[in-house]
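Take a look at the model first, then read on.

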Amino acid sequence: MTRSVKLEKISSLNHELAAKVFQEAFNYVGQNWSETESIKYVERIAKYACSYVAILEGAAVGIIAADIKDDHLFVDAIGVSPKHMKEGIATLLWNQAKSFAKQSNISIIKMIADPKSLAYSWYKKLGFSETGWVELLLEIGKE
Ligand SMILES: CC(C)(COP(=O)(O)OP(=O)(O)OC[C@H]1O[C@@H](n2cnc3c(N)ncnc32)[C@H](O)[C@@H]1OP(=O)(O)O)[C@@H](O)C(=O)NCCC(=O)NCCS
């Protein structure tokens with residue numbers, strides 16, 4: 001199945017398709033991205049060194065956004081269309097990011113993930129470990 005999936009670098013040619021799959025994947029896990037916000041996000045990640053959309057039969061089925069930061073590759077997002085989850089598409093996208101890092105002589109990949117998410121156990125299986133840093137948030141006026 002994944003053999004017919006093609007990975008395309010995100011560009012102005014496919015960014016609307018990429019925004020659609022981004023919105024579908026992340027709203028599926030309870031986020032609340034509008035179409036406009038998703039397009040803006042994809043326009044931003046199109047400038048990243050490693051941003052790909054997975055295309056199957058003309059439709060976007062997955063997306064990865066990663067960029068080089070200092071000494072590492074930072075994976076900002078990886079998402080798959082709910083209709084095509086568990087078909088190996090995220091694995092294809094992840095392998096693309098790993099190959100990109102190797103070709104760029106980068107040996108460290110980082111991301112921020114929710115330990116309660118389904119993806120988290122997959123990241124652990126891939127070999128990711130916690131750095132010890134924890135994201136903090138303060139809503140001003142509620143402190
Ligand atoms: C997480 C996500 C990217 C996985 O995509 P996918 O294409 O279904 O993943 P794959 O088919 O390549 O499978 C990757 C691994 O995840 C596991 N997996 C995928 N979906 C799973 C689920 N719902 N429950 C448990 N394990 C799951 C697979 O078993 C596989 O593990 P394996 O390599 O040991 O066999 C996808 O579910 C998604 O887009 N979720 C919503 C967005 C999100 O949460 N992104 C991550 C935060 S940035």
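Let's start at Ile64: leaving out residues up to four places away in sequence, Ile64 touches Ile10, Cys50, Ser51, Tyr52, Val75, Ala77, Ile78, Leu93, Trp94 and Ala97 (contact means heavy atoms within 4.5 Å). This is a predicted model, where local features need pLDDT of at least 70 and side-chain atom pairs count only at pLDDT 80 or more, while totals for chains, interfaces and linings use all residues. Residues are numbered from 1 along each chain as its sequence is written, and side-chain values use heavy atoms, with hydrogens and water left out.

Ile64 also belongs to the largest nonpolar core, which has 24 residues; Leu73, Ile78, Ile89, Leu93 and Ile109 join Ile64 as those with the most contacts inside that core. Such a core is a set of buried Ala, Val, Leu, Ile, Met, Phe, Trp, Tyr and Cys residues joined through side-chain atoms within 4.5 Å, with buried meaning under 20% relative accessible area (1.4 Å probe, protein chains only). Helix 3 gives the most to this core, namely seven residues (helices are DSSP runs of H or I, at least four residues, numbered from the N terminus). There's a second, separate core too, with 17 residues, including Val21 and Ala25.

| Residue (backbone N or O atom) | Distance to a ligand oxygen atom |
|---|---|
| Lys86 | 2.6 Å |
| Glu87 | 3.3 Å |
| Gly88 | 2.8 Å |

Taken alone, the ligand exposes 920 Å², and the protein buries 72% of that (areas by the Shrake-Rupley method with a 1.4 Å probe).

Definitions and conventions
Buried means under 20% relative accessible area, exposed over 50%, partly exposed in between (1.4 Å probe, protein chains only). Helices (H or I, at least four residues) and strands (E, at least two) are DSSP runs, numbered from the N terminus. A polar contact is a pair of N or O atoms within 3.5 Å; within protein, one must be able to donate a hydrogen and the other to accept it, and residues adjacent in sequence count only if both atoms are side-chain atoms.
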